[in-house]
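Biologist: Before we discuss this model, could you show me the sequence and the structure side by side? I would like to begin with the ligands and then turn to the fold.

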Amino acid sequence: MMKRTGAQIVWETLVREGVDLVFGYPGGANLPIYDAMLDYPVHHVLGRHEQGVTHMADGYARASKRVGVAMGTSGPGATNMVTGIATAMMDSSPLVCITGQVASKLIGFDAFQETDVTGITLPITKHNYLVKSVQEIGPTLREAFYIARSGRPGPVLVDIAKDAQQASIDWEYDDSPIRLPGYRPDLRPQPKNVQQAAEMINSSKKPVILAGRGVLLSGAMEELRQFAEKIHAPVAITLLGIGVLPASHPLSVGMMGMHGEAWVNNAIQEADLLLAFGMRFDDRVTGNVQSYAPNARKIHIDIDATEINKNVKVDIGLVGNLKDILWQLLPLVEPDDHTPWINYINEMKSESALRDIINLQDNGHLYAAHVINDLWRYTSGNALVVTDVGQHQMWTAQYYPHDRPFSMITSGGLGTMGFGLPAAIGAKLACPDREVWAIVGDGGFQMTQAELATTVQENVKVNIAVMNNGFLGMVRQWQEFFYDRRYAATPMLSPDFVKIADAHGLTGLRVTQRSDVEAAVRAAQEMPGTVLIDFRVEPEDSVYPMVPAGAALHTMIQRPKVNNNVE
Ligand SMILES: Cc1cc2nc3c(=O)[nH]c(=O)nc-3n(C[C@H](O)[C@H](O)[C@H](O)COP(=O)(O)OP(=O)(O)OC[C@H]3O[C@@H](n4cnc5c(N)ncnc54)[C@H](O)[C@@H]3O)c2cc1C
Ligand SMILES: Cc1ncc(C[n+]2csc(CCOP(=O)(O)OP(=O)(O)O)c2C)c(N)n1
Ligand SMILES: [Mg+2]
């Protein structure tokens, strides 16, 4: 036993959990933790706003498959973290967020910078704790890591009163197994249900696999491939599942949902069996659930029992870790080539090509889709791409195909503008050897633009492609389609982004025509620090296809045929 302060216990426990990098921002209520930090082998990244800090930890977690750690002080520090925590919660990203709280005897008296952060974050954390005594710090943090990473991952917040950080006890790290009665992250399906699922699969003529982020979280990419190849079923992916099967794999058909490929949505609507693997039937994926895949029987595999029958009623729900369940299913399913079905989907695909903007010749306009596709080409499809939220996010999903998992990071469930740059910083720190690109909109970038300074202070190179259309483009698109082109509050004036880069001692480049895209991308790749490229793209282009919110999945607004689209 050694005498330790609560603050020292925080760091010793973090180090024992394998943490060597934390993202944070100091203040009065976490000063003891910050003071103790200097004695531990942990690198601290100082962000410019606690929202940015939390997104960095999230980007780090998504890229590294480890738990991300974010820290903030009480009151405004903690409330600034709320958006980052909710973002992580919606996309099942494992975080441990450690906030300082006012001294325990002051709690409840509106003390300086007091806020009830456990109350505020109760619905947006997987679990949270208020720690008022030094004795609780070690065990609570161990539980927090365990809960964050086990089962369906998610953010856990630990709020630690200042006096608990300062008090001392005789302490030793306890590495006994964690037991939490009532918490069952390791459920397994009944063998008879697995058997039934296999029979349903074997009798299907028109199956579609719906692969989601659960495939990544389960590490079931190889099992997914084997399964899909054995039953020869097309694999559609969610936005958050991009990369779970290589986009170039012959069975990979593309993204489903509101901005998914037309042939994918039509195939889902006509399927006789949907196999949902680690995806949660988000409304962006299903459209109107009443008319969703009306002829399909449905099998849902998910680690979280509450997801089964939540959005879409299914015939069989298998609760457990996808990878394990696929291993159980693999020997039970019979090979089938489903050739007529695959051919039919491929025919639909070739019809859609007529409407694909990628097939539009360079006509002097700079289209974001072309820029993103060029970026894919000049990075050989190998970059780790982090997006912000909006049209550019959807174009990235459509025109930057990924052959590797863990290569596309984006805020799907909460759709948090401002996520892109800080999450890219976290991702680059997780994968220093990878080429990282943040693809952001002019609007969202300005929400966390301050984190440019973090890239400089931390010497982190992320390249930034601003798809500058002068609009809050995705909202403008809705106004164009559904509000009679009344552009209320969507035209946006931006600062000169090249000068913004310059003010940080970084390189900024501007591109206004397609022929200049390559040189700018190459320059960004070669320069040592962060490079920002201001792509002045077409102001009023829209993302197609689009399923209007609440409409049936097959009722998509399609791009007019591109031959007629030349202006
Ligand atoms: C502007 C905008 C437009 C969008 N348009 C689209 C669109 O067109 N198409 C689209 O797909 N998305 C779209 N989205 C994203 C959408 O909102 C959802 O975030 C996304 O569809 C969720 O994907 P998911 O279900 O794969 O991932 P998640 O929401 O992360 O769900 C993962 C599921 O996997 C389960 N799971 C986790 N671990 C395991 C495990 N080990 N084993 C088994 N299961 C596990 C979880 O319990 C959860 O149910 C859009 C978002 C924005 C912001
Ligand atoms: C924090 C936040 N506020 C508002 C929105 C609503 N919203 C969704 S997309 C969008 C427009 C984004 O504009 P921009 O960043 O320029 O990207 P673009 O759509 O033009 O590519 C807005 C305002 C949001 N998703 N997040
Ligand atoms: Mg914009």
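**Ligands, sheets and backbone**

Biologist: How far is a nitrogen atom of ligand 1 from a polar backbone atom of leucine 322?

Modeller: This is a predicted model, in which local features need pLDDT of at least 70 and side-chain atom pairs count only at pLDDT 80 or more, whereas totals for chains, interfaces and linings use all residues, and side-chain values use heavy atoms, with hydrogens and water left out. Residues are numbered from 1 along each chain as its sequence is written, while chains are lettered from A and ligands numbered from 1 in the order in which they are written. A polar contact is a pair of N or O atoms within 3.5 Å (within protein, one must be able to donate a hydrogen and the other to accept it, and residues adjacent in sequence count only if both atoms are side-chain atoms). From the polar backbone atom of leucine 322, the nitrogen atom of ligand 1 lies at 3.0 Å.

Biologist: Which helix gives the most to the shell around ligand 1?

Modeller: Around ligand 1 there are 37 residues, of which Thr238, Met256, His259, Arg280 and Asp302 come nearest, a residue being near if one of its heavy atoms lies within 4 Å. The shell has 13 nonpolar, 15 polar and nine charged residues, where Ala, Val, Leu, Ile, Met, Phe, Trp, Tyr, Cys and Pro count as nonpolar, Asp, Glu, Lys and Arg as charged, and the others, Gly among them, as polar. Helices (H or I, at least four residues) and strands (E, at least two) are DSSP runs numbered from the N terminus, and α10, α13 and α17 each supply at least two residues here. With four residues, the helix that gives the most is α10.

Biologist: Which helix supplies the largest share of the shell around ligand 2?

Modeller: The 17 residues surrounding ligand 2 have Gln391, Gly415, Asp442, Gly444 and Gly473 as the closest, and by class they are seven nonpolar, nine polar and one charged. At least two residues come from each of α17 (391-399), α19 (442-447) and α21 (473-482). The largest share, four residues, comes from α19.

Biologist: How much of the area that ligand 2 exposes alone does the protein bury?

Modeller: Oxygen atoms of ligand 2 lie 2.8 Å from a side-chain N or O atom of histidine 392, 2.9 Å from a polar side-chain atom of asparagine 469 and 2.8 Å from a backbone N or O atom of glycine 473. Taken alone, ligand 2 exposes 580 Å², and the part buried by the protein is 76%.

Biologist: Which strands stand at the edges of the sheet that contains β3?

Modeller: Six strands form this open sheet with parallel pairing, in the order β3-β2-β4-β5-β7-β6, two strands being paired if DSSP finds at least two bridges between them. Each edge strand has a single partner, so one side of each is left without a neighbour in the sheet; the strands concerned are β3 and β6.

Biologist: Which strands stand at the edges of the sheet that contains β16?

Modeller: A second open sheet of six strands, again with parallel pairing, has the order β16-β15-β17-β18-β20-β19. One side of each edge strand lacks a neighbour because each has a single partner strand, and these strands are β16 and β19.

Biologist: At about what angle does α17 run to β17?

Modeller: Axes are lines fitted to C-alpha atoms, for helices over the stretch in contact (heavy atoms within 4.5 Å), and angles run from 0 to 180 degrees between N-to-C directions. Helix α17 lies across β15, β16, β17 and β18, and its angle to β17 is about 135 degrees.

Definitions and conventions:
Accessible areas come from the Shrake-Rupley method with a 1.4 Å probe; for residues, only the protein chains shown count as cover.
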